[in-house]
Amino acid sequence: MSPQKSHVFPRHCHANLPKAVGGDGCYLIDETGKRYFDGSGGAAVSCLGHSNDRVREAVKAQVDQLAFAHTGFFTSDPAEALADLLIENAPGDLDRVYFVSGGSEAVESAIKLARQYHVERGEPQRRHLIARKQSYHGNTLGALSAGGNEWRRAQFAPLLVDMTHIAPCYEYAERPDGETPQDYGLRVANELEAEIQRLGEDSVIAFIAEPVVGATLGAVPAVPGYFKRVREICDQYGVLLILDEVMCGMGRTGHLFACDADGVVPDILCIAKGLGAGYQPIGAMLCSSAIYDAISDGTGFFQHGHTYIGHPVAAAAGLAVVSELLDRALPAQVQSRGAYLSSALSAAFGQYAHVGDIRGRGLFQGIEFVADRETKRTFDPKLGLAGKLKKAAFAEGLICYPMPGTRDGRNGDHVLLAPPFIATEAELDDMVGRLSRAVSSVM
Ligand code: PLP
């Protein structure tokens, strides 16, 4: 008998996926009872695992109290309380929170807010945006335009917003042997200044970057000093700095906000994923008081919005998540478990012939695979290693996040690990064991 036809439009038309029916701590359970260790939190989402009582109760209570009130008419207790908590713990002068439903919406909102800020201040000539190659900022057209992954952009290129892309800070692949990490960081940061000068010194709206590059490179932090220099350049030219922490924020790197580790405060900060921890779809854009005041003292109206901004149930979930992160000091736990994971990965893969680099921060770790360790030559993308690894890991009962390298060979296939913060050392060891068996079976 052929399987019953599904009317769901899946990501991969021929994937034939199992049905997830339950969640238990760090595990997802399918309809046959098979348990999968969630080694990537889906895509760096499930930071508290799949059965956190505090968040579940908060969601249920909020649905009973008030499910929805449109923000054109009302504010709500959970939205107010979550904004207060985020701002109390946010770096620098970040002072206002604009809630959305996910990461792409946060980035779209940031781009439009940045443009409107300059218009309100009487600088409508600022019309260029600068982003980085090998980055990912989401799939809606503005966010996709900011992203620098050629494969994701290619077929939509005619629809994209005009943005330019400078080099990422990607030490493993791009720092020449003779150059110190510090000099390398300054050199690539200075590409931003050169690009601003090329476009016109007073013509740039904003520069957007991920503090730790997630999906496209696999947990690549910048070298120390890079973002400080970026901040200086942005200040010098009146360019807003947008940091996209949709994947790396909310404790994932061992700090509530990833930019804390770089000692840099952005003008606009985007978060999502870990904010709702998978219990509700929610993202947010935090901005400085200077940006808010420019709008407030100007037209008084941010010309943007979605129906579900500030959704009370999503905000209640976010409030419970951030309260859990802070009350249980989970970012500090992420630092120690991250150090443990990093050593476990080095022990398992350090000598492996096809592992070029193991990197990351906290419980956000990546392994890059190469055909040749000496020359860093990447595997032929036609081999489809990332897809094979995903399948092999899944068969081992491990959810991880492998991604193919770029076709130009600038970065290799990699796998991203972002386990729940509650994972024990024994569970991390088990995850590394499953990954190791999967890797050996495909390369
Ligand atoms: N920005 C970054 C850095 C991301 O990693 C992602 C998703 O992976 C997004 C934005 C888009 O988020 P969403 O998928 O929630 O729209």
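Select helix 12 and helix 14 first: the crossing of these two helices is right-handed, a crossing being called right-handed if the near helix is turned clockwise from the far one by less than a right angle, and left-handed if anticlockwise. By class, the contact of helix 12 with helix 14 has 7 nonpolar, 1 polar and 3 charged residues, where Ala, Val, Leu, Ile, Met, Phe, Trp, Tyr, Cys and Pro count as nonpolar, Asp, Glu, Lys and Arg as charged, and the others, Gly among them, as polar.

Before going further, note that this is a predicted model, in which local features need pLDDT of at least 70 and side-chain atom pairs count only at pLDDT 80 or more, while totals for chains, interfaces and linings use all residues. Residues are numbered from 1 along each chain as its sequence is written.

Staying with the pair, helix 12 (residues 330-349) packs against helix 14 at an angle of about 30 degrees, and their axes are 10 Å apart; axes here are lines fitted to C-alpha atoms, for helices over the stretch in contact, with angles running from 0 to 180 degrees between N-to-C directions. That angle makes helix 12 roughly parallel to helix 14, since angles under 35 degrees count as roughly parallel, over 145 as roughly antiparallel, 65 to 115 as roughly perpendicular and the rest as oblique. To display the contact, select Arg 337, Tyr 340, Leu 341, Ala 344, Leu 345 and Ala 348 in helix 12, which meet Glu 425, Leu 428, Asp 429, Val 432 and Ser 436 in helix 14; residues are in contact if their C-beta atoms, placed from the backbone, lie within 7 Å. Helices (H or I, at least four residues) and strands (E, at least two) are DSSP runs, numbered from the N terminus.

Next, select helix 13 (residues 385-395), whose buried residues are Leu 385, Ala 386, Leu 389, Lys 390, Ala 392 and Ala 393; a residue is buried if 20 or more other C-beta atoms lie within 10 Å of its own, exposed if 12 or fewer, and partly exposed in between. These buried residues pack against helix 14 (425-442) and against strand 14 (364-369), strand 15 (398-399), strand 16 (401-403) and strand 17 (414-417). After helix 13 comes Gly 397, with a positive phi near 80 degrees.

Two further residues with positive phi can be shown together. Ala 219, although not a glycine, has a positive phi of about 60 degrees and sits in the loop between strand 8 (212-213) and strand 9 (220-221), where it counts as buried because 31 C-beta neighbours lie inside 10 Å. Met 250 has a positive phi near 55 degrees and belongs to the loop between strand 10 (240-244) and strand 11 (268-271); with 31 other C-beta atoms within 10 Å, Met 250 is buried. Most residues other than glycine have a negative phi.

Now turn to the ligand, which 15 residues surround, the closest being Gly 102, Gly 103, Ser 104, Gly 138 and Val 246; a residue is near a molecule if its C-beta atom lies within 6 Å of it. Helix 4 (residues 103-120) gives the largest share of this shell, 3 residues, and the shell as a whole divides into 7 nonpolar, 6 polar and 2 charged residues.

Finally, select Gly 147, in the loop between helix 5 (141-146) and helix 6 (150-153), which is buried with 28 C-beta neighbours inside 10 Å. Leaving aside neighbours within four places in sequence, Gly 147 is in contact with Ser 135, Tyr 136, His 137, Arg 152 and Arg 153.

Key: Two residues are in contact if their C-beta atoms, placed from the backbone, lie within 7 Å.
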